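Colleague: I would like to go through this model and ask what each label rests on.
Modeller: Go ahead; here it is.

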Amino acid sequence: MNLALKEMKKNKVRFVILGSIVFLVSLLTFIISGLANGLSQDNAALIKDLPAGQFYMNEDADETYNLSRIDSSTQDEILSKQKDAVAFSIQMGFINDKAGKQQSVAFVTATDSPLFANVKHQEIILDSSLKDKGIQIGDTVTNNQFSGKFIVKDFVEQKKYSHAPVAYISMEDYQEIYRVKEMQLVFTPDGDASQAYTGLQAFSKSDFLNTIPSYSAEQMSLNMIVWFLVVISGMLFAIFFYMMNVQKIGLYGILKAIGLKTSKLFKMIWTQMIVITVISLVLSITLSQVFNQFAPQGMPFSLSFATITQLSIVFLIIGFIGATISGIQIKKIQPLQAIQQGEV
Amino acid sequence: MTQFTMENVRKTFTNGEVQEEILKGINLTLKEGEVTALVGASGSGKSTLLTIAAGLQPTTDGQVIFEGKNMTTLSADQVRQVRASKFGFVFQFAHLVPFLTVEEQLLLMLEVSESPLKKHEQQREVERILKLVGMDHRKNAYPSSLSGGEKQRVAIARAIIHKPKVLFADEPTASLDSKRSKDVMELIRNLTKTLNITTLMVTHDEEMLMYTDQVIKMNDGKILQNVN
């Protein structure tokens with residue numbers, strides 16, 4: 001006999017109230033998680049979309065990539081040793097569109113590599129978000145530090161850096177704008193930290209992302225909110241079942257006295273926890289996907305299937321822990337207590 | 001024929017440095033098909049004796065022999081299994097599961113006792129027992145819609161549905177009025193005789209003694225008088 005479902009059927013209001021709170025908490029968690037992922041993409045899609053590998057910057061740069069200068073001999077040494085390695089630089093700047101309006105961009109230049117867009121002198125490839133600003137392929141754009149003009153050759157999808165669209169330009173044009181000959185960074189796909197180069201500091205991808213100003217601060221605060229909400233949902237289960245168990249001590253004692261196994265009572269609260277969590281998660285996932293479709297344009301929101309699955313599993317585990325903690329009471333209940341108590 | 005005996009049963013409670021002996025060497029024999037009443041003043045040890053006999057708390061010393069086995073040497077789970085399959089309980093309050101119908105209360109007991117009956121046989125047995133206690137017309141009712149007497153009848157039905165060998169009743173009529181008390185006691189006596197159950201009951205109500213076969217009077221942890 002499924003005692004869990006029978007109790008839920010008889011006490012619908014009580015369980016609907018708990019379910020609606022879990023639904024709201026999980027919906028908020030999914031939305032904030034979607035925003036955290038969206039902001040993360042908006043801040044560093046250029047780096048996040050690269051494969052796993054090692055980043056190198058000058059050890060004198062104090063972990064600040066735009067202070068890094070890698071001398072050409074070291075760069076040549078790495079590029080000759082590792083065929084897939086690429087040297088690149090990033091600097092924030094702006095372009096003037098054909099109407100003369102300034103658009104913030106992150107200029108990126110790199111040595112020949114399939115990982116970065118390949119552009120020629122006086123050509124520029126832009127992130128597709130600039131299409132919304134009226135820029136089209138074939139347009140001419142300028143930069144105040146550049147003597148020539150750039151022709152927009154193409155657009156790339158979802159390439160952002162520091163919340164600005166990426167603008168790929170040639171090394172020659174980059175050197176003219178920023179008056180530097182050296183590249184800031186070298187990236188070796190599939191490389192590992194054991195490959196050390198004199199005067200360079202190695203970073204994994206996640207370590208490198210954390211050197212980007214604002215990235216770690218932004219992500220840390222959002223992720224903290226997400227994890228707080230997850231913990232709150234676990235506590236909700238613990239408190240809810242604790243209160244229910246306190247009310248049912250007499251009943252549980254009598255059930256134990258007539259011979260019901262304690263494990264059956266645990267299964268009862270676990271079943272109720274799973275039913276409530278699964279229904280709440282299905283509703284909140286559905287609504288967060290609706291939110292994804294109708295979110296205002298420009299709002300960075302990205303909720304992947306992997307994130308949904310990961311958070312759902314965490315919710316179930318936390319709910320299970322919360323319900324189990326409250327169930328420890330059940331284990332302690334002595335049938336005698338119940339017999340000495342009044343009617344439940 | 002005798003299936004339940006208690007030999008030199010002692011129970012001592014320790015409260016800090018103070019030790020209090022509640023049962024002082026009880027010897028008792030219960031017979032099949034008989035209702036035995038435990039009577040005595042408050043604190044005489046009758047409820048403690050009932051709960052020890054029912055395997056709800058351990059003895060300090062002595063033996064509780066049921067079907068040839070000393071229950072005091074069994075593990076907690078073995079005692080639980082005996083309670084589930086061989087014992088039935090009726091308490092002062094019915095303690096029915098509030099979210100189960102009358103019929104489901106009985107089906108739950110069959111499940112707890114690991115009844116070998118098939119589903120349709122269980123259903124038939126539930127109907128038979130409900131008819132026996134006069135509650136067949138309320139089988140779909142929840143406890144909240146039953147009167148005190150009806151609840152106690154359902155509690156009795158729950159206590160006997162799995163054909164227990166021993167029925168333990170702790171003040172089964174204490175929460176009922178005089179008429180309903182008599183009805184419930186008549187029911188317990190009839191079931192004891194019909195199903196050949198051994199019944200041990202604690203009561204304060206002397207009027208109920210007319211429904212019993214043996215009366216054991218207790219005082220200060222000892223059996224004062226055993227009247228057949």
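## Labels and their grounds

Modeller: The model is predicted, and over all chains it holds 21 salt bridges.

Colleague: Which chains does the pair B:Glu104 and A:Lys6 join, and why?

Modeller: B:Glu104 lies in helix H3 of chain B and A:Lys6 in helix H1 (residues 3-10) of chain A, so this pair joins two chains.

Colleague: What makes the meeting of B:Glu104 and A:Lys6 a salt bridge?

Modeller: The side chains meet at 2.9 Å, N to O. The rule asks for a side-chain nitrogen of Lys or Arg within 4 Å of a carboxyl oxygen of Asp or Glu, so the pair qualifies. Between chain B and chain A the count is two salt bridges. As for polar contact, the rule finds five residue pairs across this interface, both residues at pLDDT 80 or more.

Colleague: Where does the UniProt annotation "transmembrane region" lie in chain A?

Modeller: The unreviewed entry places it at residues 224-244, 265-291 and 303-325 of chain A. In the model, residues 224-244 of chain A are 100% helix and 0% strand, with the end C-alpha atoms 30 Å apart. Residues 265-291 of chain A are also 100% helix and 0% strand, and there the end C-alpha atoms are 39 Å apart.

Colleague: What do the domain annotations cover?

Modeller: In chain A, UniProt (unreviewed entry) gives "domain: ABC3 transporter permease C-terminal" for residues 224-335. That span is 85% helix and 0% strand, and its end C-alpha atoms lie 43 Å apart. For chain B, an unreviewed entry lists "domain: ABC transporter" at residues 4-227. Residues 4-227 of chain B are 33% helix and 29% strand, with 18 Å between the end C-alpha atoms.

Colleague: How do you know which element of chain A has the lowest mean pLDDT?

Modeller: Helix H10 (residues 335-340) of chain A has the lowest mean, 72, whereas strand E4 (residues 123-127) of chain A has the highest, 96. Chain A as a whole averages a pLDDT of 89, and 97% of its residues score at least 70. Where pLDDT is low, predicted coordinates should not be read in detail.

Technical notes: Residues numbered from 1 in each chain as written. Chains lettered and ligands numbered in written order. Heavy atoms only, no water. UniProt positions renumbered as here; feature names shortened; annotations may be inferred. Helix = DSSP H or I, 4+ residues; strand = E, 2+ residues; numbered from the N terminus. Polar contact = N/O pair within 3.5 Å; in protein donor to acceptor, adjacent residues only side chain to side chain. pLDDT = per-residue confidence, 0-100.
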